[in-house]
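User: I'd like to learn how to read side-chain packing from a model. Can we work through some features one by one?

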Amino acid sequence: MADTYDLIVLGSGPGGYVAAIRASQLGLKTAIVEREKLGGICLNWGCIPTKALLRSSEIYHYMTHAAAYGLTVEKPGFDLAKVVDRSRKVAGQLNMGVTGLMKKHKIDVHFGDGALAGAGKLKVTKDGKTTELGAKHIIVATGARARDLPFAKADGKRIWTYRHALVPKEMPTKLLVIGSGAIGVEFASFYSDLGAEVTIVEMLPRILPVEDEEVSAFVHKAFAKQGMKLHVGSGVEKLEVGKTGVKATIKGAGVEEFSHVIVAVGIAPNTESIGLEAAGVKTDRGHIVTDGYGRTNVAGILAIGDVTGPPWLAHKAMHEAVVCVEKLAGVEGVHAMETGNIPGCTYSRPQVASVGLTEAKAKEAGHKVKVGKFPAIGNGKAIALGEAEGFVKTVFDAETGELLGAHMVGAEVTELIQGFVVARELETTEAELMGTTFPHPTLSEMMHESVLGAYGKTLHI
């Protein structure tokens, strides 16, 4: 007889394991099915290990610029294998943490390939052996994977996806990064800071194309100053892999040779071979179609996270998981998932963070706007840190004072952005933000000054 549960979660990434934990907290008998490692891509091959790598390159950057702080460092260097090993140990530590959380919340873990097998059933196959599980509800949280270039699939040797770039066997000397979203830009920044000659190619007219145009322009200029080459409104038309490198034909730039290539051109949902078609679950371009509570068109089957579409962010999946589980458990007052207040963060040097509408999108939506912008050079803490490049930009509705969007570039802005996320969630107006006391000296004062600037009240510039 099959093991039966109130809820089975297929996939243990940020959305999946959070869904299982919240379900257990609400008294549901819960199981999770995972084919690889608990924690999914984010914890094992994405968000966390990339930040560990970027921390190493950041410290190395400071070491090579120690003189600017009155310090002396003799012959700074790095051991790539040890940098990678530290990153893997960080991921491993958190993997064990998720394992502990499963035990703490008495969640059964089944390792293997899971697939829907009829109403309320899920089959799990491992090492050629298949078992069947039953549940009132099944949440699909299978995530997504890197998309390959049709004319040059990643081989792990010369052409890399993010997974290969996380565990390089050798340091690239001349690196081509195809795609300038968060993943591409972060790896470009990491390898550039460690001394690789980096070129970025982006099909759209600017790098970081989902960000505010002023932010994109600032990062473009900063990267160029760091020595990177950037081709926007361009594309890679051909890649020829050799024993010692890759010959790339770049639109508008001709043919150039590189030691390695990172492909960061988007993701594809993991929806194959999990029984969606047989179950009648509706998809759109591969992504599972859901409502604001994670419900699909088939009763008892739900879906959350990257497999359901953008934004492809771990924190979106986590929040979506809680909304989904609380709704199916009958918790009162659960609000449908909204994506407008989900922040985006890019951990390059400089960092980028944003929430809400860009200035251009706000105008397209019909808003009359007031825009404030404050540069890091006007902030005492930024100057003291030696991080006086960057700015904070805020966009308000001119008639209501609603904070429509906030956009930041510079030191530690990925930590600062949450202040504006909370403000939007609470429907805070410009008057309330102006009346808030920000501690001094902090980088957060730039946020206050940006708000003041939108209304002609800037104090420190």
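**Charges, rings and a helix face**

Analyst: Start with a charge over a ring. The charged end of Lys 29 sits over the ring of Tyr 5, 5.1 Å from its centre. Keep in mind that this is a predicted model.

User: Which ring does the charged end of Lys 373 sit over?

Analyst: That of Phe 391. Here the charged end is 4.4 Å from the ring centre.

User: Now ring against ring. How many aromatic pairs does a search of the whole structure find?

Analyst: Seven. Read each pair by two values: centre distance and plane angle. Planes over 60 degrees apart count as edge-to-face, under 30 as stacked, and the rest as tilted. Take Trp 160 and Tyr 191: their ring centres are 6.1 Å apart and the planes meet at 45°, so this pair is tilted.

User: Where do Trp 160 and Tyr 191 lie?

Analyst: Trp 160 is in strand 8 (residues 159-160), and Tyr 191 is in helix 6 (residues 182-193). The pair therefore ties together parts 31 residues apart in sequence.

User: Are Trp 160 and Tyr 191 buried or exposed?

Analyst: Trp 160 is buried, at 2% relative accessibility. Tyr 191 is buried too, at 0%. Both belong to one aromatic cluster, together with Phe 187 and Phe 190.

User: What kind of pair do Phe 396 and Tyr 455 make?

Analyst: Their centres are 5.6 Å apart and their planes are at 65°, so the pair is edge-to-face. Phe 396 belongs to strand 23 and Tyr 455 to the segment after helix 14, so parts 59 residues apart in sequence are tied together. Phe 396 is buried, with 0% relative accessibility.

User: Next, helices. Why do residues three or four places apart point the same way in an α-helix?

Analyst: Because an α-helix has 3.6 residues a turn. Now the case here. Helix 12 (residues 413-425) has 13 residues. From first C-alpha to last, helix 12 reaches 19 Å, close to the 18 Å expected.

User: Which residues of helix 12 are buried?

Analyst: Val 413, Thr 414, Leu 416, Ile 417, Phe 420, Val 421, Ala 423 and Arg 424. Seen down the axis of helix 12, they fall within an arc of 165°, so they line one face. The face turned away from that buried side carries the exposed Glu 415 and Glu 425.

User: What do the buried residues of helix 12 pack against?

Analyst: Their partners include strand 23 (391-397), strand 24 (403-410) and helix 14 (445-454).

User: And what follows helix 12?

Analyst: Glu 427, with a positive phi near 55°.

Methods
Residues are numbered from 1 along each chain as its sequence is written. This is a predicted model: local features need pLDDT of at least 70, side-chain atom pairs count only at pLDDT 80 or more; totals for chains, interfaces and linings use all residues. Side-chain values use heavy atoms; hydrogens and water are left out. Helices (H or I, at least four residues) and strands (E, at least two) are DSSP runs, numbered from the N terminus. The expected span of a helix is 1.5 Å times one less than its number of residues. Buried means under 20% relative accessible area, exposed over 50%, partly exposed in between (1.4 Å probe, protein chains only). The arc is that of the directions from the helix axis to the C-beta atoms. Contact means heavy atoms within 4.5 Å. Rings of Phe, Tyr and Trp (its six-membered ring) pair if their centres lie within 6.5 Å; planes under 30 degrees apart count as stacked, over 60 as edge-to-face and the rest as tilted. A charge sits over a ring if NZ of Lys or CZ of Arg is within 6 Å of the ring centre and within 35 degrees of the ring normal.
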